[in-house]
Amino acid sequence: MKIIDAHVHFSRIHTFQQTAVDASMLAYDHTGIERECQDANVIATVGMGVEESVTGAFPDHSAPDLMGLNLPNRPQTMGICIGINPFRFSTESAEKLDALLEEKEYVGVKIYLGYYPYYAFDDVYQPVYELAKKHRVPVVFHTGDTYAEGAILKYAHPLTIDEVAVKHRDVTFVMAHLGDPWCLTAAEVMYKNRNVYADLSGLIVGTTDKVAQHMKKDNSYFDHFKHALIYGDAYERYMFGTDWPLVPIKPYAEWLGGIIPEKHHEAFFHDTALHVFPKLHALI
């Protein structure tokens, strides 16, 4: 089965580089991700744009207004979600974003809730939603636990997405990580709002052995997550993603494949991502 990984990273962020060496034990470069994709039959990926102006500074107020992927040799089948730094986002930023979204490789927009102290419904992001509507690209939100102590969790709570989804019915929104650990709340937001999707990335950080621990039947750590999937009853709006390089792709896919009912595998691993990110068609 062909797979699309709807949430990876390919930027010079110190914490990603450190995690790749110390936790997931992966090669965090173009050869590493190409090898991972080949092993897992991944035909396309979506890279979440993020940058830091000083090593280890993210979330970084001084990062570019529009953040991209700055590791060398980005794979041609990797679409880019342009990251937004709300501290520097301006009218000129909106004009640049408008122009970038005309290009085929820019497939969406990423907003780092929690990492930056702004809610999804704050005014600074309203021009972003209007441009997403214009270009028919999704807006991906970080939701749930953060990978930085300097972040503030209340801004990343998935309940805040409800207001945005109601006000912008013509925009597709994606909650990254299903708001973990507030998965049940995220599932309710999806249940209520048909324009809200979720990727199931970043739930595990570590090696293949770490993933295997969570595949054991007596491990109840993710019972809250499994409950939320059933409660939300929205399997057609869940997408596969890893948050690579936080975890190897193939074992993570096998883990989620054992949780998502088999009749939904084609949608979960492939079709829904193409629906949410239609510009990926041009990269495959």
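**Inside the model**

Author: Let's start with one side chain. Phenylalanine 277 touches Ala6, Val46, Cys81, Val107, Pro138, Val140 and Met239, leaving aside residues up to four places away in sequence. Keep in mind that this is a predicted model. Phenylalanine 277 also belongs to the largest nonpolar core, which has 103 residues. Along with Leu97, Phe141, Leu178, Leu200, Phe225 and Trp255, Phe277 touches the most other members of that core. As a bit of background, nonpolar side chains in soluble globular proteins tend to be buried together.

Now for the empty space. Rolling a probe the size of a water molecule over the atoms shows where such space is left. How many cavities of 30 Å³ or more does a search of the whole structure find? The search finds 1, and the volume of the largest cavity is about 30 Å³. Around it sit His214, Asn219, Tyr221, Phe222, Lys226 and Trp255. You've met Trp255 already, as one of the core residues with the most contacts to other members.

The largest pocket holds about 540 Å³ of space. There are 30 residues in its lining, and Asp145, Tyr147, Gly202, Val205 and Leu246 are the closest to its centre. Helix H1 (14–22) and helix H7 (208–214) are the elements that give two or more residues to this lining. By class, the lining of the largest pocket splits into 15 nonpolar, 10 polar and 5 charged residues.

The second largest pocket has a volume of about 150 Å³. Helix H4 (126–135) and helix H10 (265–276) each supply at least two of the lining residues. Here the classes come to 7 nonpolar, 2 polar and 3 charged.

What about the cysteines? A disulfide is a covalent bond between the sulfur atoms of two cysteines, and the count for this model is 0 disulfides. Take cysteine 37: the nearest cysteine sulfur belongs to cysteine 81 and is 16 Å away. Cysteine 37 counts as buried because its relative accessible area is 13%, under the 20% cut-off. Cysteine 183 is buried as well, with a relative accessible area of 1%.

Finally, have a look at some backbone details in the loops. A cis peptide bond joins aspartate 180 to proline 181, with omega at about 15°. Proline 181 is in the loop between strand S7 (173–176) and helix H6 (183–192). Another cis peptide bond links tryptophan 244 and proline 245, where omega is about 20°. You'll find proline 245 in the loop between strand S9 (238–239) and helix H9 (249–257). Aspartate 243 lies in the loop between S9 and H9 too. Its phi is near 70°, a positive value in a residue other than glycine. Methionine 25, in the loop between H1 and helix H2 (30–40), has a positive phi as well, near 55°. Are these two residues buried or exposed? Aspartate 243 counts as buried, at 8% relative accessibility, whereas methionine 25 is exposed, with a relative accessible area of 62%.

How values were computed:
Residues numbered from 1 in each chain as written. Predicted model: local features only at pLDDT ≥ 70, side-chain atom pairs only at ≥ 80, totals over all residues. Heavy atoms only, no water. Core = buried A, V, L, I, M, F, W, Y, C linked by side-chain atoms within 4.5 Å. Buried < 20%, exposed > 50% of the residue type's maximum accessible area, 1.4 Å probe, protein only. Contact = heavy atoms within 4.5 Å. 1 Å grid on protein atoms, 1.4 Å probe; cavity = no way out; pocket = protein on both sides within 12 Å on 5 of 7 lines; lining within 4 Å. Points joined across faces, edges and corners; volume = space filled by probe spheres on them. Helix = DSSP H or I, 4+ residues; strand = E, 2+ residues; numbered from the N terminus. Nonpolar A, V, L, I, M, F, W, Y, C, P; charged D, E, K, R; others polar. Disulfide = S-S within 2.5 Å.
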